[in-house]
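Look at the sequence and the structure before reading on.

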Amino acid sequence: MINLKNKRILVLGFARSGYSTVKILKKLGYDVKLNSYDDLSNDEKAQELRELGIEIIDGGHPLELLETIDLIVKNPGIKYQIEFLQKAVEMGIDIITEIELANTLFSIDMVAITGTNGKTTTTQMTYDILKKANKDVFLAGNIGYPSIEVAYNHPKSLIVTEVSSFQLEGTKYFKPSIAVITNLGEGHLDYHGNLENYQNAKKKIYVNQTKDDFLIINIKEKEKYNFDKIKSTIIFYDTKENISTDVYIKENIVMFRETELFDSTKLKLPGMHNVENAINAAIISYLKGASTDAIQQVLYNFSGVKHRLQYVGEYKGVKYYNDSKATNPVATTTALSGFDKNIILICGGKDRGIDFKELIPYLSKIKVMVVVGESKELLYSLAIQHNVKCIKAIKVADATKLASSLAKNGDTVLLSPACASWDQYKCFEDRGDEFITMFEKISSEG
């Protein structure tokens, strides 16, 4: 564990996790201050922290601040490349994230779920099953509340947390009892610099595990791991009848060795990727003592997480799905794989230099592409090159209206951008909400 005794701690970055972290450290009696690049002089929560006696340095990251601290608890979104952190590294100052701090301060039992795609759905499914099974469980991480906040308030409970590569990058001794990597694709290259760094950050989820802990991996990604370096008890699963794996599908039934977990044909969510998400959730829940009855009750009624291939509704025989969380091409191909054909795809957003070639095998399913944002010219060229009808729009609202005017009975309108939202929206949630609002307007005016 990180030794916090007599350490002068700096919480770097505000937002929700920074606010919770600095407040909890102060309550526990640690020497802590907060530094934010933004001006917090008129922020109510910052004022609350000042009234608790917490020193706040805002409006920049002054390098002289490094002379007064021994440990940095960094907001996950702040890049390591900034001068302040580069200087901290040179000075040998430890830099961690709040999930590492939660792991250090509290002896918590944590299930940690990461991956390029599917982690939010898997996390929500897992939590719902364990709640149905009457377990003492709480949700944390990207999907819920900061882990430090949940651990502080519920130190004896099981915590199911979604963890990002940003958070994992800042871990040293993080040790979940069960770790899941849903898949290792390509993402956040603007943050990590290259694919290897990104995937290595994800793999930090299991580096401190022992044989008493579990690591759950899809057998189809086996070649992406060096098993000589893994000490965990590994559970492999396959979506085929592969009896050499611990979990497999036989005549549509997901089997964990001799136990029937659930019927894969009874899931509400479309696509094999959601079968994989359900398998991950079922394995975790079963290992934590949930009954197969609880697993089946939840999975058969699970209709999706908002903005993640969320079924929005049907109008004039056209189904609308909000997959605004698809912030990379792999996520969009995952969504497309869940449908057969006649898709009107709304895509585009911030151009992060990612190649959209992953979309090519799925273009035959697309009836029309409606493209928006910084990357629309790139996506337009891709569509025209492969003889897919493509129309340019400005934002998601007018793209949805366009898509609706083109859709016929039996079609699917799918918002799955394959890009981040930051060129036009504060976050992917705002983008998805705009899609939902426009659907509601279209359907009510009809």
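## Helices α10 and α11

The crossing of α10 and α11 is right-handed (the near helix is turned clockwise from the far one by less than a right angle; left-handed is the anticlockwise case). This is a predicted model, in which local features need pLDDT of at least 70 and side-chain atom pairs count only at pLDDT 80 or more, while totals for chains, interfaces and linings use all residues. Residues are numbered from 1 along each chain as its sequence is written, and side-chain values use heavy atoms, with hydrogens and water left out.

Helix α10 covers residues 272–287 and helix α11 covers residues 292–301. Their axes (lines fitted to C-alpha atoms over the stretch in contact, with angles from 0 to 180 degrees between N-to-C directions) come within 10 Å and cross at roughly 150 degrees. That angle makes α10 roughly antiparallel to α11 (over 145 degrees; under 35 counts as roughly parallel, 65 to 115 as roughly perpendicular, and the rest as oblique).

The contact (heavy atoms within 4.5 Å) joins A278, A282, S285 and Y286 in α10 to T292, I295 and L299 in α11. Of the residues in this contact of α10 with α11, five are nonpolar, two are polar and none is charged. In this grouping Ala, Val, Leu, Ile, Met, Phe, Trp, Tyr, Cys and Pro are nonpolar, Asp, Glu, Lys and Arg are charged, and the others, Gly among them, are polar.

## Helices α1 and α4

How far apart are the axes of helix α1 and helix α4? Helix α1 (residues 15–27) and helix α4 (residues 98–105) have axes 11 Å apart and pack at an angle of about 25 degrees. That makes α1 roughly parallel to α4. The crossing of α1 and α4 is left-handed.

On the α1 side, S17, T21 and L25 take part, and they meet E98, L101 and L105 in α4. The contact of α1 with α4 holds three nonpolar residues, two polar and one charged.

## Helices α14 and α15

Helix α14 spans residues 396–406 and helix α15 spans residues 428–445; their axes lie 8 Å apart, at an angle of about 40 degrees. The two helices α14 and α15 are therefore oblique to each other, and their crossing is right-handed.

From α14 the contact uses V396, A397, T400, K401 and S404, and from α15 it uses R431, E434, F435, M438, F439 and I442. Six of the residues in the contact of α14 with α15 are nonpolar, two are polar and three are charged.

## The whole chain

The protein has 15 helices and 20 strands (DSSP runs numbered from the N terminus: H or I of at least four residues for helices, E of at least two for strands). The C-alpha trace spans about 65 × 55 × 40 Å along its principal axes.
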